[in-house]
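I opened this entry to record what I looked up in the structure. My notes follow the order in which I worked.

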Amino acid sequence: MNLTLKIWRQKDAKAKGGFETYKVENISPDTSFLEMLDILNNNLIHEGKDPVVFDHDCREGICGMCSLHINGHAHGPDEDITTCQLHMRKFKDGDTITIEPWRSNAFPVIKDLAVDRGAFDKILQAGGFISINTGGVQDANAIPIPKKDADESMDAAACNGCGACVATCKNGSAMLFVAARVSSLAKLPQGRVEGARRAKSMVAKMDELGFGNCTNTGACEAECPKGISIAHIARLNREFLSAKLKD
Amino acid sequence: MSNLFTSSIGKKLIMSITGLFLVLFLLFHMCMNLVAIFSQEAYNMICAFLGANWYALAATVVLAAGAVIHIIYAFILTILNRRARGKQRYAVEATPKGVEWASQNMFVLGLIIVVGLVLHLWNFWYNMQFVELAYSHAEIEALGLEPTNGAALIAGLFSNPVYCIVYLVWLAALWFHLTHGFWSAFQTIGWDNQIWRPRVMCISNIVATIIFLGFAAVVVYFYAISLCPGGVCY
Ligand code: HEM
Ligand code: SF4
Ligand code: FES
């Protein structure tokens with residue numbers, strides 16, 4: 001496949017960025033999207049140019065490090081996958097592909113396509129944990145947990161913190177991420193105890209960092225690589241409002 | 001309750017409660033209007049009952065407060081949300097699958113509703129409750145106004161096809177606003193989950209459609225009878 005790439009280049013957080021156009025040739029449809037960018041960078045290095053900076057780590061859909069807004073979609077045109085799981089067979093020979101960084105006030109660009117998602121870490125540090133040591137692994141059935149609760153918790157725990165929800169939301173809201181973290185802990189007995197405090201402190205941090213207000217468009221759910229449901233946002237609203245009303 | 005209403009979810013709660021309150025008002029208003037189709041006399045009796053009396057005025061003040069709060073928070077939230085999104089926009093943006101158009105255009109739809117509302121208050125409220133407040137009965141008679149003859153006002157206005165179209169466009173904007181707004185309010189309050197979401201969304205479409213049809217029926221009915229000379233269709 002021969003492709004034209006329009007890629008956002010930006011020297012650093014302060015510089016004014018812009019699009020650069022590149023051509024890549026003889027790309028196999030079985031190449032992954034990030035491998036395709038590796039090939040581009042290889043060419044750029046050989047030409048003595050600055051390679052394109054983009055985030056990645058595990059390249060198997062686990063870590064949430066890869067990002068990229070591809071042709072108007074966070075993590076590209078395919079559904080329920082991260083960018084590293086996207087393959088070139090999803091595109092056609094001769095296509096022009098526009099690649100942009102996540103765009104949100106709370107995620108400033110570091111360089112080119114890499115953004116600083118440290119704001120998510122700060123939200124987690126504000127309450128996305130269980131604050132006592134729960135000890136070693138328990139006997140599996142020592143604390144019975146209904147299957148439905150365990151399933152909901154596990155579904156929410158699939159969130160890898162990639163930030164596609166924020167990148168897609170027209171309000172730059174981090175509600176899906178926060179809701180996933182609150183839900184995954186609130187549905188289990190160990191996490192339930194601190195549920196109210198967790199919801200309050202994570203939402204307070206999220207607001208402080210300048211994320212927007214959710215208007216329930218559902219765009220986050222559609223673009224989330226883990227298919228996290230906005231039903232978790234309803235649970236977060238419930239947890240937060242009942243905690244506040246009890247204060 | 002400490003600083004609930006300064007939090008993002010608290011501000012949304014205000015939006016949803018005022019929004020649902022406005023929906024209740026619309027349902028009440030719609031039922032009242034429908035009376036005009038069946039009996040103009042009965043409709044005028046309601047108008048007389050809801051003139052410039054203390055209870056009608058108190059209800060008007062509460063209603064106006066609800067509407068004003070909803071509008072103010074719409075501005076606050078929209079400004080905050082645009083700021084959160086940042087100055088740098090995507091060059092290419094595609095709407096993700098399954099996202100309702102209305103949900104991404106609530107503010108614009110709201111603005112259309114405000115413009116229609118101002119026109120509507122000028123057409124009706126000004127000629128009905130306001131004149132009763134501002135003028136004495138002798139003055140009203142001298143001006144040739146009939147503040148309790150709402151049916152005549154409706155019939156007069158909707159004999160004009162331009163007004164009919166303007167009102168129908170206004171109602172269409174309201175329909176879009178409510179198809180998203182109604183279920184969204186439940187989601188905001190937290191009364192939603194995986195199983196109930198499709199149901200609440202369906203109820204939302206039904207409520208929006210009932211409201212649209214209920215109000216539009218009055219517009220269409222009065223336009224239709226205006227086409228019959230001599231009132232033979234009554
Ligand atoms: C009869 C009039 C109206 C009714 C019945 C109504 C109803 C609603 C409802 C039920 C919601 C959902 C709240 C939520 O998502 O929690 C909503 C949202 C919204 N309304 Fe209205 N509304 C009306 C007029 C207006 C007006 C005049 C504006 C002004 C600009 C407006 C702007 C908005 C905006 C921007 C939202 C989205 C806010 C958000 O989701 O956070 N609405 N409305
Ligand atoms: S909720 Fe989904 S889109 Fe958002 S950070 Fe988690 S995995 Fe990424
Ligand atoms: S690189 Fe780890 S999820 Fe994509």
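**Iron site, then the chain contact**

I worked from a predicted model. I began with the iron atom of ligand 1 and looked up its protein donors, which are B:H70 (NE2) and B:H177 (NE2), lying 2.0 Å from the iron. I then checked the geometry: the six donor atoms around this iron atom subtend angles of 87 to 180°, which makes the arrangement octahedral. I also located the two histidines in the fold. B:H70 belongs to helix α3 of chain B and B:H177 to helix α7 of chain B, so the pair ties together parts that are 107 residues apart in sequence.

I turned next to the contact between the chains. Chain A contributes 51 residues to the contact and chain B contributes 41 residues. I noted a buried area of about 3700 Å² between chain B and chain A, with 53% of it from carbon and sulfur atoms. On the chain B side, B:I9, B:R85 and B:Y90 lose the most area to chain A, together 18% of what that side buries.

I then asked how many salt bridges cross the interface of chain B and chain A. The rule finds two. I recorded one between the side chains of B:R197 and A:E221, at 2.6 Å from N to O.

Finally, I examined the side of chain B that touches chain A. Helices α1 (8-38), α3 (54-85) and α7 (161-189) of chain B each supply at least two residues to that side. By class, I listed the residues of that side as 18 polar, 15 nonpolar and eight charged.

Methods. Residues numbered from 1 in each chain as written. Chains lettered and ligands numbered in written order. Predicted model: local features only at pLDDT ≥ 70, side-chain atom pairs only at ≥ 80, totals over all residues. Heavy atoms only, no water. Contact = heavy atoms within 4.5 Å. Buried area = accessible area lost by both parts, 1.4 Å probe. Salt bridge = Lys/Arg side-chain N within 4 Å of Asp/Glu carboxyl O. Helix = DSSP H or I, 4+ residues; strand = E, 2+ residues; numbered from the N terminus. Nonpolar A, V, L, I, M, F, W, Y, C, P; charged D, E, K, R; others polar. Donors = N, O, S within 2.8 Å, 3.2 Å for Na, K, Ca; no water. Tetrahedral: all angles 85-135°; square planar, octahedral: opposite > 155°, others 65-115°.
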